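Work through the exercises below with the structure open. Try each task before you read its solution.

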Amino acid sequence: MDAQDVERPLINHLPPQVENTEFTSDEAVDISNQPALKRSTGNWRACFFILGAEFTECVAFFAIAKNLVTYLTGALQESNIDAATTVSTWIGSSFFTPLIGAFLADTFWGRYWTVVIFLSVYVTGMFILTVSTFIPLLMGSSYDRGIHCVTAYLGLYLVALGSGGIKPCVSALGADQFDATDPVERVTKGSFFNWYYWSINIGSLLSATLLVWVQDNIGWGVGLAIPTVFMASGLSVFVAGRKTALHEAPSPTDGNYKIQHTSQFRFFDKAAIVAPTSGDKGAENPWRFCTVSQVEELKMLLRMFPVWASMVLFFAVTAQMSSTFIEQGAAMDNRVGPFTVRPASLATFEIISVMVCIPTYDAVLVPLARRSTGKERGLSQLQRLGVGLALSVAGMVYAALVEARRLALARIGTPMSIMWQAPAFAVLGAGEVFTTVGILEFFYDQSPGGMKSLGSALSQLTVGAGHYLNSALLGAVAAITASGGKRGWIPDDLDEGHLDYFFWLMAALGVVNLLHFLYCSMRYRANNSTAS
């Protein structure tokens, strides 16, 4: 089975006599646990509330993340190394806590109520963090830095915990709003993931421009109070739309659904075989005896792992935009006409690229690709991921060429304009449109029915894992190339190093990763849920 097979979800339609009724065909229910009416629940009418909640969460998250190091070194008087470590740890935690939220959603609370609960935790964390900025003023001469730090860190990690219930559940809940048995709504679901990622980037743009300016020029109290109000409003809007949202869809292992047996990973099948000596008592013990469907759910997750691993290196590449690209920009001429451009501001080109490419992909590329491929979404999910991986390689090749040229000019005393970095940000932004959105859709569709939130959490985990991998690669390169008293590839003065070699290394790893992905995609077997 090749990559194209992922585009054809294996779904069994209901009998003809019950299709096209006033209720959804996938047996989803509303807030009252009643069969959902198609004309008043789900689809975009519910997604507007869901995307609104995601937008406000992103405004709040990036309002903290974009400028947190400044707050830590300034207001909390931390050293540069301690502040950098704190920021990395906090962001990493924010991308690992989705595993907690996904578990609670899939096991106990369901996606809707998990989002409500964790949004409340998020708002509480934002409120505490905002209050912490006023502690020096409130305490006056009795100011205690320890109390200030404890309050700030409590707010930060409540925010990290709150994001853990939102990141995996909002995307999955939004996809739940579209009837998988309806060909039109299946296509629309693909558009939802595009606009989901668009809302993330518009929130990031607002935070990186307006809110960061407010924090630097008016004060952190106002700069955090604004996103706190946004979050409270998002919670209210999300709860207000509860009657339009589809709340539960049947799991393939519930009721009259089952998953067909496959021969791959056959050694796991022993878990579904009753041992002759176990008798009925052993068969009744769920820790000793599993159903075929439960075994197949595990196999589904294992089949997706090679694809997941390929995405980790992609996010290690995109992590350059917040690390080595910034250092490269600091060594370039940042004067553009009468303006002075900060290196971090070049990330705006990534956001603009995403915001332009998403509607273009949806309105232009999908219809064109559909005519040539015959697929509902134009490109299959795996083909979409492959395009994104290829673009990441192109971005690294361009960055390496720019750095080689910058070094050549630096040797003769001629500075290179920072605007030469803009295409690298734009290309990697376009790659995110294909890969970041594609991995969300892929993990939602291919995860077992009762683990959709977990699938979304795993897709989020690739971001955190990619950043950790980038840190490991940078550390390894620094240790190896700077051994024996050498300057190394990435010294403090980049004019004396070879950052271009590091970019070529990332490009080479990207090529190997792309080839590995193509091999895995050709061997990938899509899920096989059926109704009995």
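Helices here are DSSP runs of H or I with at least four residues, numbered from the N terminus. The model is predicted.

**Exercise 1. Get an overview of the fold.**
Task: State how many helices and strands the protein has, and what share of its residues is buried.

Solution. 
- Step 1. Count the elements. The protein has 17 helices and 4 strands.
- Step 2. Turn to burial. The chain has 532 residues, and 51% of them count as buried.

**Exercise 2. Explore the nonpolar cores.**
Task: Name the residues that touch the most other members of the largest nonpolar core.

Solution. 
- Step 1. Take the core as a whole. The largest nonpolar core has 76 residues.
- Step 2. Ile64, Leu68, Trp90, Leu119, Tyr122, Phe238 and Phe442 touch the most others.
- Step 3. Ask which helix contributes most. Helix α7 (residues 145-176) gives the largest share of this core, 11 residues.
- Step 4. Zoom in on Leu68. Not counting residues up to four places away in sequence, Leu68 touches Val87, Trp90, Leu156 and Trp220.
- Step 5. Look beyond this core. Another core of 28 residues lies apart from it, with Met321, Phe325, Val402 and Leu409 among its members.

**Exercise 3. Inspect a surface patch.**
Task: Which residues form a nonpolar patch on the surface, and which helix gives the most to the patch?

Solution. 
- Step 1. Name the members. The patch is formed by Ile31, Phe103, Phe108, Trp109, Trp113 and Ile117. Together they have about 600 Å² of accessible area.
- Step 2. Assign helices. α4 (98-109) and α5 (111-132) each supply at least two patch residues. α4 gives the most, with 3 residues.
- Step 3. Check one member. Trp113 lies in helix α5. Its relative accessibility is 44%, so Trp113 counts as partly exposed.

Conventions: Residues are numbered from 1 along each chain as its sequence is written. This is a predicted model: local features need pLDDT of at least 70, side-chain atom pairs count only at pLDDT 80 or more; totals for chains, interfaces and linings use all residues. Side-chain values use heavy atoms; hydrogens and water are left out. A nonpolar core is a set of buried Ala, Val, Leu, Ile, Met, Phe, Trp, Tyr and Cys residues joined through side-chain atoms within 4.5 Å. Buried means under 20% relative accessible area, exposed over 50%, partly exposed in between (1.4 Å probe, protein chains only). Contact means heavy atoms within 4.5 Å. Patches are made of residues with over 30% relative accessible area and no salt bridge: like charges are joined within 9 Å, nonpolar side chains (Val, Leu, Ile, Met, Phe, Trp, Tyr) within 5 Å. Accessible areas come from the Shrake-Rupley method with a 1.4 Å probe; for residues, only the protein chains shown count as cover. A salt bridge is a side-chain nitrogen of Lys or Arg within 4 Å of a carboxyl oxygen of Asp or Glu.
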